[in-house]
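Please describe selected parts of this structure, taking helices, sheets and surface in turn.

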Amino acid sequence: MDKFVIHKSSLKGSVEISGSKNAALPIIAATLLTDEECKIHNVPCLSDIKIMIKILEVLGKEINFEKNTLVIKTKKKKNYTAPYRLVKTMRASFCCLGPLLAKRKKAKVSLPGGCIIGTRPVDLHIKGLEELGAQIRVENGYCEAKAKNLKGKRIYLGGPFGSSVLATANILMAATLAEGETFIEYAACEPEIENLALFLKKMGANIEGEATPLIKVKGVKTLGGCELEIIPDRIEAGTFIAVSLATNSPLEIKKANPDYLTSVMEAAKKMGASIDVSKESSIFIKPPRNLNPVNITTLPYPGFPTDLQAQFMACLSKAAGVSLITEKIYPDRFMHVAELNRMGALIQRTGPYAIVEGRQNLYGAEVMASDLRASAALVIAGLGAERKTQVLRVYHIDRGYDRIEEKLKKLGAKIKREK
Ligand code: EPZ
């Protein structure tokens, strides 16, 4: 297993953001809705993407992935089971269920196990597909769905934590081939859903209202191949905003779409940063010498993203005061608290709240990465900490960041990957 060895760094220059992992994953699954060739550009080179490619190959697709472009064709065999050994390593593959069912009338996908950020229920996915007329059986760790033909319906998809991104994706994809009209109420408004809807419309789907809480779909008979560019990864861009804040380094973040980051840029400004955006979709951030504390509550888009909670907690660990972080999406998503405290942070977690008492300095330590975004938080803390930090199990980071240490090194960071 690899580790990162990191020393305190001050950075400068510009970084280019890769395509969005969370847009690419459901869009790759959407190619199951057609047998024609699909071309997808600006796909980040990540282990999660490679797992989704493997799952689609098991399901009968032939995929070529080079220079961030995916070309997806259909081979002969038409399997319909996404195997546990692959799905267990990447929960997002559950979003193969909807398109598989809609196209092949049956689907069998392993249930995503729980993970470090909390249980990953799929009740909304199942409810939505049953409302479209699927017979669903959940047994020995698999979700099996059958449907001769899906029928459009008005479906309420809100859960105890608000909207669900991948449940919205699953139901949206299934509805494109269902008979009649489907209305998805309390749909997720994330930009990744908007990118998926654009892909589906290019395939011939009839969709209105994407990126709003009410999406209307008119079913069509078949969908064809198409070509699409994946949107920039707003979470990677937000991660580099946190890098700038934690190392007191002015940065230019290129190929990011600032419109996806309003809540994040507002938090950074409250912490004292000045931020400009350019029409060539660059974000220029100039952090303050000392960070102000700020209260952050994670919410569904356009609220502050839960996927940036850990990274901003790392920054606030060195703010001049006390910050309150409220995690409303995954109340257990605090694995990074213990590791940050080992670096000298003073964070108290109670339930979905974390009280962060800013300290003058953090101190390097040997810390353990746990989930993808917590690992990024530890790298950020290490870049701003005295002495040496070692982040173990960086395979977590490779799941969601395309060569993050290369990008950081180019900015002048003292970081190296060791076996
Ligand atoms: C997506 O996961 C992202 N993953 C996650 O990013 C992100 O944290 C999450 O959305 C929230 O923004 C991908 O897009 C691949 P949800 P998803 O369904 O769709 C509850 C990362 O780091 N819920 O929007 O699985 C759920 O427990 C990953 O890139 C139900 O109750 O998340 C959570 O509390 C981590 N029932 C809330 O809804 C369901 O059927 C939001 O989850 C589904 C979800």
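Predicted model: local features only at pLDDT ≥ 70, side-chain atom pairs only at ≥ 80, totals over all residues.

Is Gln311 buried or exposed? Its relative accessibility is 0%, so Gln311 counts as buried, the limit for that class being under 20%. Leaving aside residues up to four places away in sequence, Gln311 touches Ile235, Thr239, Ala242, Arg373, Ala376, Ala377, Ile380 and Tyr401.

## Helix H9 and its cover

Helix H9, residues 262–270, has Ser263, Val264, Met265, Ala267 and Ala268 as its buried residues. The elements that cover these buried residues include helix H8 (234–247) and H10, together with strand E16 (274–278), strand E17 (282–286) and E18. After H9 comes Gly272, which has a positive phi, near 110°.

## The sheet E22-E23-E1-E24

Four strands make up an open sheet with mixed pairing, and their order is E22-E23-E1-E24. Strand E22 (366–368) and strand E24 (414–418) are the edge strands, each of them pairing on one side only, and from one strand to the next the twist averages 20°.

Within this sheet, E22 and strand E23 (residues 389–392) run parallel and are joined by three bridges, with Met368 standing opposite Leu392 in E23. Helix H12, residues 372–383, packs on the sheet and touches strand E1 (3–7), E22, E23 and E24, while the direction of H12 makes about 30° with that of E1.

## The sheet E18-E19-E21-E20

Another open sheet of four strands, also with mixed pairing, has the order E18-E19-E21-E20. Its edge strands, which pair on one side only, are strand E18 (296–298) and strand E20 (346–350), and the twist here averages 15° from one strand to the next.

E20 and E21 run antiparallel and are joined by five bridges; Ile347 stands opposite Val356 in E21. In general, the strands of a sheet pair through backbone hydrogen bonds, whether parallel or antiparallel.

## A nonpolar patch on the surface

Which residues form a nonpolar patch on the surface? The patch is formed by Val322, Leu324, Tyr353 and Ile355, which together have about 320 Å² of accessible area. At least two residues of the patch come from each of strand E19 (322–327) and strand E21 (353–357).

Leu324 has its place in strand E19. Because its relative accessibility is 33%, Leu324 counts as partly exposed, a class that lies between the buried limit of under 20% and the exposed limit of over 50%.

Methods. Residues numbered from 1 in each chain as written. Heavy atoms only, no water. Patch = residues over 30% accessible without salt bridge, like charges linked within 9 Å, V, L, I, M, F, W, Y side chains within 5 Å. Areas by Shrake-Rupley, 256 points an atom, 1.4 Å probe, with all protein chains shown as cover. Salt bridge = Lys/Arg side-chain N within 4 Å of Asp/Glu carboxyl O. Buried < 20%, exposed > 50% of the residue type's maximum accessible area, 1.4 Å probe, protein only. Pairing = 2+ DSSP bridges. Axes fitted to C-alpha atoms, helices over the stretch in contact; angles between N-to-C directions. Contact = heavy atoms within 4.5 Å.
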